[in-house]
Amino acid sequence: MLVAEDDETLGALIARGLRDRGGYVVDLVPDGETALSYMRFYEYSVAVLDWRMPKLSGLDVVHRLRRSGGLTPVLMLSARDAPEDRVAGLDAGADDFMVKPFDFGELLARLRALQRRPPAAQLSRLRVGDLECDPISREVFVDDRLVPLTVTEVGILEILLRRSPGAAPRGLIAQHVWESDHCPLGSNTIDVHLRRIRAKLARSTAHIQTVRGVGYRIVEPRQESGRAPRVS
């Protein structure tokens, strides 16, 4: 999930809430220009954009995204509460609109509703070999059989799948799965979680490799030459 918010404190609170209460992997960016570049490079199941941001406003971001054919569902956040502002946001291409301050439980419910829409569900499923991860339902399957993973394990696996066949650095995993004040980089926490994930995925054709000095990557044998994972 992408969150674009120029207020550093509010952005951190939103990202933490999405990770802790929703189990999401979150990319947090401080301006519209960075948000647009991320949305063009990565596939997100949903994006939360602040209206007022430096470089490009949330309105500009969603307008350009739609003009380029981007289908990522977008929820717009704004302190503007006039009907014409909501109309402008929706007409630009946003899928939903919430006025600050907002109830976090309602935000989560609206995001779940956006993710249930067919285009989002089709774009967000990630596969490597017989391994499939659905970031919307937070479910993982091997050969169509459900694999019981914890919220943290799903978060780590999603990062590996999105970066496959490239490596996901340890710092990136720590940044997106844990709060910054509980960073596991100085311990063996990440390694312990990876061992557990490997054990649970032992029957899968996909396998997790350790990239010395960098982090981890997930591949299937024919991807080791650099082939990208299937995304559907």
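Colleague: What share of the residues in the protein is buried?
Modeller: Buried residues make up 49% of the 232 residues. Buried means under 20% relative accessible area, exposed over 50%, and partly exposed in between, with a 1.4 Å probe and protein chains only. This is a predicted model, in which local features need pLDDT of at least 70 and side-chain atom pairs count only at pLDDT 80 or more, while totals for chains, interfaces and linings use all residues. Residues are numbered from 1 along each chain as its sequence is written, and side-chain values use heavy atoms, with hydrogens and water left out.

Colleague: And how many helices and strands are there?
Modeller: The protein has nine helices and 13 strands. They are DSSP runs numbered from the N terminus: helices are H or I with at least four residues, strands are E with at least two.

Colleague: Let's look at α4. Which of its residues are buried?
Modeller: Asp85, Gly89 and Ala92 are buried in α4. They cover an arc of only 70 degrees around the axis, so they sit on the same side of α4. That arc is taken from the directions from the helix axis to the C-beta atoms.

Colleague: Why would residues spaced like that point the same way?
Modeller: An α-helix has 3.6 residues a turn, so residues three or four places apart point the same way.

Colleague: Nice. What's on the face turned away, and what covers the buried residues?
Modeller: The face of α4 turned away from the buried side carries the exposed residues Pro83, Glu84 and Asp91. The cover over the buried residues of α4 includes α3 (58-67) and β5 (96-99).

Colleague: Can you zoom in on Ala92? What is it in contact with?
Modeller: Ala92 lies in α4, which spans residues 83-92, and its relative accessibility is 14%. Leaving aside neighbours within four places in sequence, Ala92 is in contact with Leu59, Val62, His63 and Arg66. Contact here means heavy atoms within 4.5 Å. Ala92 and Leu59 are 33 residues apart in sequence, yet their C-alpha atoms are 6.5 Å apart.

Colleague: What comes after α4?
Modeller: Gly93 follows α4, and its phi is positive, near 130 degrees.

Colleague: Switching to charges: how many salt bridges does the structure hold?
Modeller: It holds ten salt bridges, each one a side-chain nitrogen of Lys or Arg within 4 Å of a carboxyl oxygen of Asp or Glu. One of them pairs Lys100 with Asp50, with the closest N and O atoms 2.8 Å apart. Lys100 lies in the loop between β5 and α5 (104-115) and Asp50 in strand β3 (residues 47-50), so the pair ties together parts that are 50 residues apart in sequence.

Colleague: Are those two buried or exposed?
Modeller: Asp50 is buried, at 5% relative accessibility, whereas Lys100 is partly exposed, at 21%. Glu5 joins Asp50 and Lys100 in a network of salt bridges.

Colleague: You mentioned Arg66 earlier. Which residue does Arg66 form a salt bridge with?
Modeller: Its partner is Asp95, with the closest N and O atoms 2.8 Å apart. This pair links distant parts of the chain, with Arg66 in helix α3 and Asp95 in the loop between α4 and β5, 29 residues apart. Arg66 is partly exposed, at 24%, and Asp95 is partly exposed too, at 27%.

Colleague: What about Lys55, what's its phi?
Modeller: Phi of Lys55 is near 75 degrees, a positive value in a residue other than glycine. Lys55 lies in the loop between β3 and α3 and is exposed, at 62% relative accessibility.
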